[in-house]
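Subject: Structure for you to look at

Hello,

Here is the structure I said I would pass on.

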Amino acid sequence: MTDELVYERHVLGLSGGRDSAALAVYMRQNFPELDVEYFFTDTGKELPEVYEYLGRLEGFLGRPITRLNPDRDFDFWLKQYNNFLPSPQTRWCTRQLKIRPFEQWVKPDLDKGITINSYVAIRADEASRGGMVSKQRNLHVHLPFVEHGLDKAAIVELLEASGLGLPSYYRWRSRSGCTFCFYQQKIEWVRLKQEHPEAYEEAKRYEKEALANHSPFTWSQGESLSELEQPKRIAQIRENHKKRLERLAKNRVENPLNPNSELVDMDDVYGSEKMCLACHK
Ligand code: SF4
């Protein structure tokens with residue numbers, strides 16, 4: 001494809017998570033005539049399961065997923081931000097490691113006036129989520145799941161039916177993104193320690209360095225990772241999580257026509273307002 005022939009592009013960002021993978025499958029199955037370019041913005045701090053899932057997805061789609069690597073890595077930006085860990089209050093990581101590489105990737109074409117259609121995996125059951133308005137005249141954001149009414153149960157079904165299934169980390173964590181993402185629940189930190197102790201240790205090192213530099217933030221609210229990993233505290237976190245699950249099971253009204261419609265994931269248990277659309281889709 002030469003630049004002279006391209007009047008518009010179709011791009012779809014994959015996070016290594018369930019919803020964006022389902023959207024790629026959906027677009028492939030329903031709009032095979034569109035030449036969709038798939039991309040993944042690599043923070044360099046992703047779970048190994050994410051790369052494995054992207055590999056399987058590439059096989060399914062029959063085309064490569066372009067890796068967009070940030071020009072500067074997490075360590076560079078951490079120094080720029082005086083060793084302050086990113087947090088929900090100052091989310092510099094998403095800006096520098098996810099959004100900036102995407103902007104740099106599409107900017108030359110946007111500047112030439114080429115239309116970029118970006119497909120985003122917001123689901124019909126979360127249509128109220130804002131923040132998807134493009135400031136660029138020729139960057140058009142599309143929400144196919146909202147437009148066609150696909151909710152969480154529908155996209156899980158779609159992934160299962162395609163044979164791709166869910167990312168393997170879903171058995172212990174329900175979101176893609178950095179190993180040390182501060183949006184993780186405490187139970188997910190406990191499980192990260194169990195599944196990837198080296199990633200937990202790395203997060204601890206970052207945190208110690210940050211605290212030594214007077215960072216006001218720890219990765220997990222109200223306690224350091226060294227405190228969180230104490231056996232007593234771990235037992236308490238597991239117990240709290242179990243209680244939440246029991247409460248949820250008690251209050252759940254099952255839909256007899258679609259028993260899968262109330263799938264439990266972390267968002268069901270803890271709410272979904274604390275997430276990042278660039279990293280966790
Ligand atoms: S996954 Fe979390 S830590 Fe990583 S860039 Fe996204 S918001 Fe930041």
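Asparagine 83 is buried, because its relative accessible area is 14% and the cut-off for buried is under 20%. Asparagine 83 sits in the loop between H3 and H4. The model is a predicted one, so please read every value here as computed from that prediction.

The phi angle of asparagine 83 is near 65°, which is a positive value in a residue other than glycine. Most residues other than glycine have a negative phi. Asparagine 82 also has a positive phi, near 55°. Its place is in the loop between helix H3 (74–80) and helix H4 (92–111). Is asparagine 82 buried or exposed? Asparagine 82 counts as exposed, because its relative accessibility is 56% and exposed means over 50%.

Histidine 196 lies in the loop between helix H7 (186–195) and helix H8 (197–212). With a relative accessibility of 11%, histidine 196 counts as buried. Which residues does histidine 196 contact, once neighbours within four places in sequence are left aside? They are Leu47, Pro48, Glu49 and Trp172.

Leucine 150 is in the loop between helix H5 (144–147) and helix H6 (152–162). Leucine 150 is buried, and its relative accessible area is 11%. Not counting residues up to four places away in sequence, leucine 150 touches Tyr26, Arg123, Ala124, Asp125, Phe145, Ile155 and Leu158.

Arginine 175 belongs to the loop between H6 and H7. At 9% relative accessibility, arginine 175 counts as buried. From arginine 175 to arginine 56 it is 119 residues in sequence and 18 Å in space, C-alpha to C-alpha.

Glycine 44 is on the exposed side of the list. Its loop runs between strand S2 (36–41) and helix H2 (48–61). Why does glycine 44 count as exposed? Its relative accessible area is 52%, and the exposed class holds values over 50%. Glycine 44 and methionine 27 are 17 residues apart along the chain, and 27 Å separates their C-alpha atoms.

Now the ligand. Where does the ligand sit? The space it takes is the largest cavity. Around the ligand are Cys93, Thr94, Gly177, Cys178, Cys181, Phe182, Cys279 and His280. By type, the residues of this shell divide into five nonpolar, three polar and no charged.

The chain has an average pLDDT of 88, and 90% of the residues score at least 70. Over residues 259–263 the pLDDT is below 50. Beyond near neighbours in sequence, that stretch has 11 contacts in the model.

Regards

Methods: Residues are numbered from 1 along each chain as its sequence is written. This is a predicted model: local features need pLDDT of at least 70, side-chain atom pairs count only at pLDDT 80 or more; totals for chains, interfaces and linings use all residues. Side-chain values use heavy atoms; hydrogens and water are left out. A residue is near a molecule or strand if one of its heavy atoms lies within 4 Å of it. On a 1 Å grid over the protein atoms alone, a cavity is a set of points where a 1.4 Å probe fits but cannot get out, and a pocket is an open set with protein on both sides within 12 Å along at least five of seven lines; lining residues have an atom within 4 Å of a point. A molecule sits in a cavity or pocket if more than half of its atoms lie within 2 Å of its grid points. Ala, Val, Leu, Ile, Met, Phe, Trp, Tyr, Cys and Pro count as nonpolar, Asp, Glu, Lys and Arg as charged, and the others, Gly among them, as polar. pLDDT is the predictor's confidence in each residue, from 0 to 100. Contact means heavy atoms within 4.5 Å. Helices (H or I, at least four residues) and strands (E, at least two) are DSSP runs, numbered from the N terminus. Buried means under 20% relative accessible area, exposed over 50%, partly exposed in between (1.4 Å probe, protein chains only).
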